[in-house]
Amino acid sequence: MIGAYEGRSAVGARLLAALPPVTVLRAAEWDSHLVRLLSDEAGRHGPGQEAYLDRLLDLLLIAPNAADLEIVIDRLVGLLGYLDRGERDGGRLLVLETAPEVRVTHLHLLTNDNPRAADYLAFRDALRTSPELRARYQDLKRELRRRHGDDRAAYTAGKAPLIAAVLAETAQKK
């Protein structure tokens, strides 16, 4: 799972402190406090969460196979109220909303063998290792927010060239 907060806040600190570097949830362990914590924290309103896009938590779940992916989707939709937005990048996109069209979580679900899973992880790793890239990405997102407001499609499209360039650079280094 990948989450980023624009600034330091008590909410972000509590969430990040509760997350281990890697978590594996098996079907028998699904009723986990971690899932509830993520849902609760992502939906809170308070300091450090003023702007819609700054509250959005992007999560990635990589399942070992399609059957497990379907189990996860059924549980997230049925138990936690996620909305299934259909296929994206060869996987699925689920969203959690606090009100109609007010999204607080995007959950990207992919299987282990999906090439996009490696792209998500490579971009995450690039952000983790480069303060300059993090600053550039943050500045770009602020500019796109200013320019496009709540137009999610334009906001996402505006990030695509930077993400593609980072992934190309990462691939060249391998």
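These legends accompany close-up views of a predicted model. Residues are numbered from 1 along each chain as its sequence is written, and side-chain values use heavy atoms, with hydrogens and water left out. Because the model is predicted, local features need pLDDT of at least 70 and side-chain atom pairs count only at pLDDT 80 or more, whereas totals for chains, interfaces and linings use all residues.

**View 1. The open sheet of four strands.** The sheet is arranged in the order E1-E4-E3-E2 with mixed pairing, where helices (H or I, at least four residues) and strands (E, at least two) are DSSP runs numbered from the N terminus, and two strands count as paired if DSSP finds at least two bridges between them. Its edges are E1 and strand E2 (83-88), each of which pairs on one side only. From one strand to the next, the twist averages 25 degrees, with axes taken as lines fitted to C-alpha atoms, for helices over the stretch in contact, and angles running from 0 to 180 degrees between N-to-C directions.

View 2. E2 and E3 run antiparallel and are joined by four bridges; Leu83 has Val95 of E3 as its bridge partner, Glu87 has Arg92, and Asp84 stands opposite Leu94. Two residues lie between the strands of this hairpin, in which Asp89 takes a positive phi near 55 degrees. E3 and E4 are likewise paired in the antiparallel sense, over seven bridges, and the bridge partner of Ala99 in E4 is Val102. The hairpin of E3 and E4 also has two residues between its strands, and there Glu101 takes a positive phi near 65 degrees.

**View 3. Helix H4 against the sheet.** H4 lies across E1, E2, E3 and E4, running at about 160 degrees to E4. The helix has 15 residues and reaches 20 Å from its first C-alpha to its last, close to the 21 Å expected at 1.5 Å a residue, the expected span being 1.5 Å times one less than the number of residues. Leu69, Val72, Ile73 and Leu76 of H4 are buried, meaning under 20% relative accessible area, with exposed over 50% and partly exposed in between (1.4 Å probe, protein chains only). These four are on the same side of H4 because they cover an arc of only 100 degrees around the axis, the arc being that of the directions from the helix axis to the C-beta atoms. On the other side of H4, Ala67, Asp74, Gly78 and Leu79 are exposed.

**View 4. The largest nonpolar core.** This core, a set of buried Ala, Val, Leu, Ile, Met, Phe, Trp, Tyr and Cys residues joined through side-chain atoms within 4.5 Å, has 14 residues, and those with the most contacts inside it are Leu61, Leu76, Tyr82, Leu94, Leu107 and Leu109. At least two of its residues come from each of strand E1 (57-63), helix H4 (66-80), strand E3 (91-99) and strand E4 (102-111).

Key
Contact means heavy atoms within 4.5 Å.
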